[in-house]
Amino acid sequence: MSKKKIEIKNLDFYYNDFQALKNISLDIVANQVTALIGPSGCGKSTFLRTLNRMNDLIEGTKVDGDILLDGENIYAKGVDVVDLRKQVGMVFQEPNPFPKSIYENVAYGPKAHGITDKDRLDQIVEQSLRDAALWDEVKDRLDRSALGISGGQQQRLCIARALAVKPDILLMDEPTSALDPIATAKIEELMDNLREDYTIVIVTHSMQQAARISDYTAFFLMGEMIEYGPTERIFEKPEHKKTEDYITGRFG
């Protein structure tokens with residue numbers, strides 16, 4: 001039986017008076033890739049950011065409902081948001097490496113969480129870069145600026161940086177939208193490998209990408225979740241006409 005990693009129950013989200021998410025309920029399964037699809041402005045990225053409370057950084061936001069991570073409500077009083085974001089890592093649309101060396105980008109998180117031993121840091125950096133399928137490409141230039149590598153390599157570096165603090169969950173907000181097809185293919189292959197150890201939730205505008213890489217798909221429209229289920233069923237036998245129209249390109 002599939003294990004529920006995150007349970008979302010009756011989630012409403014507001015930017016001041018604007019309700020961006022309306023009564024969202026779904027279970028995200030452990031060690032699977034869940035894709036969030038839908039047109040621009042439908043609430044996908046807002047929903048993604050509720051899962052590690054990144055929306056807390058925006059003034060005037062409000063959350064109603066429950067998000068349970070391993071059975072614990074992440075919006076309960078007393079939750080350590082720093083610890084939460086360590087457990088739930090995030091990779092953004094545009095590669096955003098720090099203007100530091102490749103090594104320092106990956107070591108940044110572990111150092112921030114108190115790891116100072118050089119040998120331990122070396123191990124974490126190497127393992128994280130290996131897990132992000134980047135080690136062989138950068139192992140001889142770890143002391144060089146992260147800004148000097150290609151966009152696709154920078155995005156994999158950002159994935160390595162997220163993995164370095166040993167999260168359980170990886171959130172990815174359109175991680176390949178700024179990349180060329182070759183770099184995109186590498187990131188997709190990487191996601192396929194990472195699901196063995198991580199639960200992945202990805203926002204994507206590409207129907208083909210969602211069909212290729214995800215186990216489950218949720219279709220969002222105007223702040224509502226219209227349909228959610230195994231990707232194969234969503235794409236081959238959608239239960240809602242709006243889902244079918246969106247997937248087949250007849251939407252709007």
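This is a predicted model: local features need pLDDT of at least 70, side-chain atom pairs count only at pLDDT 80 or more; totals for chains, interfaces and linings use all residues.

Student: Is D173 buried or exposed, and what is the nearest side chain of opposite charge?

Tutor: D173 is buried, and the nearest side chain of opposite charge is R49, 4.3 Å away.

Student: Why does that pair with R49 not give a salt bridge?

Tutor: Because a salt bridge needs the side-chain nitrogen within 4 Å of a carboxyl oxygen, D173 has none with R49 at 4.3 Å.

Student: What does the side chain of D173 make a polar contact with?

Tutor: The side chain of S45, at 2.9 Å. Beyond four places in sequence, the contacts of D173 include S45, L48, R49, M90 and V203.

Student: Switching to the nonpolar core. Which residues touch the most other members of the largest one?

Tutor: That core has 45 residues, and the ones touching the most other members are L129, L157, I159, L170, M172, L194 and I200. A second core is separate; among its 27 residues are A20, L51, L69 and V201.

Student: And what is L170 in contact with, leaving aside neighbours within four places?

Tutor: G89, V91, I159, A162, L163, L194, T199, I200 and V201.

Student: How many bridges join strand 1 to strand 4?

Tutor: There are 8, between residues 4-15 and residues 61-69. Y14 stands opposite K62 of strand 4.

Key
Residues are numbered from 1 along each chain as its sequence is written. Side-chain values use heavy atoms; hydrogens and water are left out. A nonpolar core is a set of buried Ala, Val, Leu, Ile, Met, Phe, Trp, Tyr and Cys residues joined through side-chain atoms within 4.5 Å. Buried means under 20% relative accessible area, exposed over 50%, partly exposed in between (1.4 Å probe, protein chains only). Contact means heavy atoms within 4.5 Å. Lys and Arg count as positive and Asp and Glu as negative; His and the chain ends are not counted. A polar contact is a pair of N or O atoms within 3.5 Å; within protein, one must be able to donate a hydrogen and the other to accept it, and residues adjacent in sequence count only if both atoms are side-chain atoms. Two strands pair if DSSP finds at least two bridges between them. Helices (H or I, at least four residues) and strands (E, at least two) are DSSP runs, numbered from the N terminus.
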